[in-house]
Amino acid sequence: MGIINTSRIKSPWIMHFDNSSCNGCDIEVLACLTPLYDVERFGIVNMGNPKHADVLVVTGPVNRRTARVLKNLYAQIPDPKMVIAVGTCACSGGVFHNCYNILGGVDKVIPVDVYVPGCAVKPEAIIDGVVLALQKLSKALGVAK
Amino acid sequence: MNQWWIAIIAIIVAPIIGGFLAGIDRKITARLQGRYGPPIVQPFYDFFKLLGKSRIATSRMQFVWIYGYLVFMITCVVFLVLKLDLLLLIFLLGFAGISFVLGGFSSKSPYSHFGANRELMQILSYEPVLLLMALGVYAQNGSFMISEIVKPGAAPLLPSLWPIFIAVLLVLTIKLRKSPFDLSTSHHGHQELVKGIMTEFSGPYYALITLTEWYEIVLVLGLVALFWANPLWVGIIIALAAFVLELIIDNIAARMTVGWMVKFTWAVGLVLCVLNIAYLYLIKGGA
Amino acid sequence: MDLNWMMAVAILLPLVAGILVFIIRQYHIRGLIVILTAIALIINSILLMLHGPDTYTPTSHYWGLAITILDYAMLLFYIYAGLSLKNWLVLIFALTQIIPLAYWEFGMGASKALEEIKPAFVFDHLSIVMVLVISIVGSLITIFALRYMYDHEHHKEIEKSRQSRFLFWLVMFLGAMNGLVMANNLLWLYFFWEVTTLCCFELIAHDLTKEAINNGARALWMNSIGGTTMILAMIYLFAKGGGTAEMLTLESIIKAGGNQAMLLLPVALMCFTGFIKAAQFPFQTWLLGAMVAPTPVSALLHSSTMVKAGVYLVLRLAPAFAGSYLGIMVAICGAFTFFAASVLAIAQTTGKRVLAYSTIANLGLIIACAGINSPLAIAAAILLIIFHAVSKCLMFLCAGTIEHLVWSREIEDMEGLAEKFPVTTFITAIGILSMFLPPFGMLLGKWLALESVFAVPLAAILFVIASAATMVFWAKWLGRLLQVLPRLGRKFESLSLSYSVPLWLLVLGIFVVGIGVAPVYQRFVSFAVNNVVAATEAFAAGWNIVVPSASVAAGGTGALIGSFPVWPLYIVFGVAIVLPLIFVTVKPGELRPVYLCGEQVGGVDTDEWITTADQKAKLQLGGFYWQGATGEGAVNPWFYTVSIALLVILFAVVVGVSL
C-alpha cells in the first residue's frame with residue numbers, strides 16, 4: 001500500500017496537549033500555524049481530538065493529575081501514531097524536575113519518538129521535530145524519503 | 001446499458017472532482033488568510049492516510065449509519081446524472097443527512113450529540129428550501145424531472161427562479177459546512193464542540209465521511225448548475241462562482257448560533273422561495 | 001361464500017366474538033376465540049376483495065328497527081354518562097344529538113323514508129381497501145392485546161381482571177368500522193359512527209383512573225359535536241330533498257357531485273365531522289388524551305380504526321366538493337394540521353405523544369390530499385392510508401412492547417435501548433425509518449402528495465415545513481434509542497409470541513407492500529382511486545411508480561412529471577443499511593471510550609469521568625426538545641387561533657356559496 005504510506009507522511013495531523021507548561025511552548029506551537037510559518041504547507045493540521053490525530057505534541061512536564069489524562073488521550077489515538085515532546089520541560093521536566101507534584105518528562109508516562117528541547121522552543125525547531133518524526137515514521141514504514 | 005455506464009462514471013469521477021474542489025477550497029482559504037497553503041491534492045493525502053489508520057470504535061451502529069450516509073449520497077449523485085426526479089433526490093438527500101445524524105447519536109458522547117442535534121437543526125433549515133426549490137422548478141417546467149430541466153431547448157431557470165437561487169446559495173453554505181453555519185462540525189480544531197458530530201469517527205470511517213462530503217460538494221454544486229442547464233457550461237461556471245463566493249463568505253463570517261441559523265434561513269430563504277412560487281403561481285394562473 | 005355471510009362475518013362476527021370473550025373468563029380460551037376471530041376476519045376481508053364491488057340490503061326490516069333502537073340507547077347512555085360523570089359537555093352534546101334526531105325521525109317523519117333506502121350497504125373498491133386495512137391490521141392488534149393486557153394488569157397488580165371487558169370493546173370496534181366503511185344509508189353510517197365513538201370512550205376510560213375517565217369523556221363530547229353536525233347535515237338533506245330520502249345516501253351525494261351548490265353545506269358539515277374524528281386542529285386534544293389508554297387501544301385508534309373513519313369520510317365525499325372553494329379550504333385545513341402537529345411533535349418528551357402528533361399530522365396530510373382532489377392526490381391519500389396503518393400500528397405495538405420492557409413511556413427512559421433490547425430496537429428502528437424516509441411507503445405517499453400539491457400553493461408551503469419537522473422529531477427519537485455504551489457479548493431478548501408475531505408480520509407487511517407498491521397500486525388501489533375521482537393516468541409502470549404528465553391524454557408530450565424507482569431504492573436501502581448491519585463487526589480490541597477530554601475513568605463500558613476535586617461523576621446525556629420554541633405552551637395559542645379561523649372561513653365560504 002504505497003499510496004497510503006506516502007499519504008501518512010504527507011498528512012500528519014497533530015494534537016497539542018499541554019501538561020503543566022508555563023504556556024511559553026504552547027504559544028510557539030500556535031505560532032507554527034500563523035501565516036509566517038504556515039505548517040499547513042506540509043499538510044499539518046492542528047486537530048482538537050485524539051481520535052483524528054496522528055502526532056501528539058506534548059508541552060510541559062507531566063504532573064500527577066495530567067499523567068492520567070495523557071495516558072487516556074494517547075490510548076485514544078489510532079495507530080500509527082507518533083509523540084513529540086516539545087520543550088525542555090516536556091523532555092525531562094526542566095526547571096520543574098524533582099518538584100513534589102511533577103513526575104518528570106513525557107517519556108515517564110508514554111513512549112516519546114522525538115524530543116525537541118528549548119525554553120521556549122522556536123517554531124522552526126517544532127517544524128524540524130515534526131519532520132524528524134515523519135522521517136522516523138517513514139523509516140519504520142520502509143518508505144524511501 | 002448506457003445509463004449504467006453514466007452512473008458508474010459518475011460514481012468514479014464525482015469524488016475526484018469533489019476532492020480537488022476541497023483542495024482548491026483549502027488553497028484559496030489559505031491565500032485569503034495570507035498563507036501559502038497545502039497542495040491541491042492534500043485532501044487525497046488525508047483521505048488515504050485515514051484509510052490506513054487502525055480502526056477504533058465506540059459502538060457498532062455508528063459504522064453502519066456511515067455506510068448509509070455514503071450510499072445514499074452516491075444514490076443522490078446517480079439520480080442527478082441520470083436526470084431522475086428532483087423531489088425524490090431531495091428526499092434521498094434527507095436520508096443521507098439523517099443517517100449521518102443517527103451515526104452521531106449512536107455513541108454516548110456529549111460532543112457527537114451536540115453535533116448531531118445541530119445537524120438536525122441544519123436539516124430543519126435547509127430541507128424546506130430545497131423542497132421549495134423542487135416546487136419552483138415544477139412551477140416553471142410543469143415537471144419534477146431533471147431531464148426536463150436539461151433537455152435541449154429548455155429555458156434556463158435562473159431568470160424566473162432567481163429568488164430561489166439566492167435561497168439555494170444559503171443552503172449551499174449550510175451543506176458545505178461553511179461559516180456562519182459550520183455548526184455541527186467545525187472545520188478547524190480547538191473549538192468548544194471539538195469536532196461535533198464527527199468527534200467519534202476516526203480512521204477509515206472518517207475517510208468515508210470525507211468521501212461522502214466530496215460527493216456532497218459535487219451534488220450541491222450540480223443542483224446549483226441546474227439553474228442554467230442550457231448550455232450547461234454556463235451553469236457550471238455559475239456553480240463554481242457560487243463555490244468561490246462561499247469560500248469568501250466562510251472567511252469573512254463568524255460562526256452564528258443554531259437558533260439564528262434556523263430563523264435566518266427561514267426568514268430569508270423561505271420567504272424568497274414563497275414569494276417566487278407565489279409569483280409564478282399567479283402569472284401562470286394555477287397548476 | 002354467500003354475500004350474506006361475508007357481510008355477517010365482517011360486521012356481526014366481531015360483535016358475537018366480543019360477547020363470547022366477555023362471558024368466557026379463561027385466558028386461554030378467550031385468547032383462542034380472539035385469534036380465531038382475527039383469522040376469520042382476515043380471510044373474510046380477502047374473500048370480499050375477491051368478490052369485488054357489490055351492494056347489499058338486508059332483507060328483514062328488523063335490522064333498521066334494531067339500529068334505530070340502538071341509536072337511542074347509545075344516546076341515552078351518553079346522557080347517563082354525562083350525568084354520572086358530572087360532565088356537562090358530554091350531556092349537552094348528547095342532547096344536541098338526541099333532540100334533533102328524534103324530532104327529525106318522528107317529528108318530520110323521516111323514519112319511514114329511511115327504511116326505504118336501497119341499497120343500505122355499498123361496497124366499492126375504496127371500501128374494500130378500508131375493510132382490508134381494518135381487518136388485517138386491526139386483527140393483529142387484538143392478538144397483541146391478549147398478552148399485553150395480561151402483563152398490564154399483572155404490572156398494575158389489579159385484583160379483579162377487566163381484560164374480558166377490554167377485549168369485548170376492542171373486538172367489537174372492528175365490526176363497527178367494517179360497517180362504517182360499507183354503509184350507504186346515512187343513518188346507518190351515523191349509527192356505526194356512534195358505535196366507534198362509544199367503543200373509543202369505553203376503551204380510553206378503561207383504566208378508570210381520574211385522568212382516563214376525563215380523557216374518555218373529552219373524546220366523547222368532541223366526537224358528539226361531530227355526530228351533531230352529521231345529524232344536521234342529514235336533516236338539511238332531507239328538508240332540501242322535499243321530505244324524501246332521495247339524498248340520504250352517500251351514493252346520491254357523490255353522484256350529484258360538486259354541481260349542486262345546495263349540497264355544499266351538508267358536505268361541509270360532514271367533512272367537519274370527519275375532521276373531528278380525524279383529530280384535526282383544533283380538535284386534536286381528544287386523540288392526545290387517548291394516550292392514557294393501554295397501548296393496543298392507541299394502536300387501534302391510530303392505525304386502522306377511528307381516525308381512519310374520519311379521513312375515509314372526507315375522502316369519500318371528495319367528489320362532492322370537486323372544483324369548489326370547499327375543496328381548497330379542506331386542503332388548507334389539512335395542510336395546516338400537518339404543519340402544526342409536526343412542529344408540536346418536536347417538543348414532545350413522551351413516546352406515545354410523539355406518535356399521536358405524528359398521526360394527527362399524517363391524517364392532516366391525507367385530508368389535504370382529499371382536498372386537492374386530483375387523481376394524483378387521491379392516489380397519494382389512499383396509499384398513505386394503507387402505509388400509515390401498517391407503519392403506525394407497528395410503531396404503537398413497539399411503543400407498547402418497550403413500555404412493558406422498561407415500564408415507561410418517556411423517550412429519555414428509552415436511552416440505550418439498542419444495547420438492552422436489540423430485537424425490539426431493530427423493529428422500532430424499521431418502524432421509525434418507514435415513517436419518514438425513502439424508499440418506504442409513507443415517503444412514497446408524501447412524495448406523491450408533494451407532486452400534486454402545487455394546485456394549492458399555500459398547502460405546498462405548509463407541506464414542506466412539516467416535512468422537515470417530521471425528519472427532526474423521528475430522528476431525534478431514534479437517536480435516543482441508539483445511544484449506547486458498547487458492551488460485547490449481548491443477548492437477544494425473547495418476546496412473548498403474542499408480541500412478536502404481530503410485530504414481525506407488520507415488518508414483513510411494510511416491506512412486502514412497500515416493494516410491491518406498483519403492482520398493488522395497479523391491480524388494486526387504482527380502482528379505489530377511480531371510485532373517488534376518474535383517473536385517466538396509470539401511476540405505475542412495472543415495478544415503479546411514475547407520474548405521467550396530465551396532458552398525455554390530450555395529446556401532450558408524454559413527458560413525466562416524476563418517477564419513483566421502487567425496487568432500485570429498496571436495493572439501495574439494502575446496500576446502505578442492511579448489509580452493513582449484518583457485516584460490520586467490531587472486535588473488542590477496537591473499542592475505545594468516547595472522547596471526554598481525556599478525563600474518562602476506566603474502560604469502554606463505564607461512562608464515568610473525573611470532575612473537580614477528583615470526584616467521579618456519571619456522564620449523563622439528554623435529548624433536545626426545543627420546548628421554548630415548539631412546545632405546546634409556546635405555539636398552541638397561535639395554532640388554535642389559525643385553525644379556528646380556517647374553520648370559520650371554511651363555513652363562511654360554504655354558506656356564502658350556498659345562499
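In which helix of chain C is the place of Ala341(C)? I looked this up in the model, which is predicted, and found the residue in helix H15 of chain C, which covers residues 325–346.

**Entry on Ala341(C).** Leaving out residues up to four places away in sequence, I listed what Ala341(C) touches: Gln284(C), Tyr357(C), Ile360(C), Ala361(C) and Gly364(C). I also noted Ala466(C), which is 125 residues from Ala341(C) in sequence but 8.1 Å from it in space, C-alpha to C-alpha.

**Entry on the sheet.** I then turned to three strands of chain C, which form an open, antiparallel sheet in the order E3-E4-E5. Why is one side of E3 and of E5 left without a neighbour in the sheet? Strands E3 (540–541) and E5 (560–564) stand at the edges and each has a single partner strand. I recorded four bridges in the antiparallel pairing of E4(C), residues 544–548, with E5(C). For Ile545(C), I found the bridge partner in E5(C) to be Phe564(C). Across E3 and E4 of chain C lies helix H23 (residues 517–532), and I noted that H23 runs at about 60° to E4(C).

**Entry on chains A and B.** Finally, I examined where these chains meet and found 20 residues of chain A in contact with 27 residues of chain B. On the side of chain A, helix H1 (2–10) and strand E2 (45–47) each supply at least two residues. H1(A) gives the most, with five. I sorted the residues of this side into six nonpolar, seven polar and seven charged.

Notes
Residues are numbered from 1 along each chain as its sequence is written. Chains are lettered from A and ligands numbered from 1 in the order in which they are written. This is a predicted model: local features need pLDDT of at least 70, side-chain atom pairs count only at pLDDT 80 or more; totals for chains, interfaces and linings use all residues. Two strands pair if DSSP finds at least two bridges between them. Two residues are in contact if their C-beta atoms, placed from the backbone, lie within 7 Å. Axes are lines fitted to C-alpha atoms, for helices over the stretch in contact, and angles run from 0 to 180 degrees between N-to-C directions. Ala, Val, Leu, Ile, Met, Phe, Trp, Tyr, Cys and Pro count as nonpolar, Asp, Glu, Lys and Arg as charged, and the others, Gly among them, as polar.
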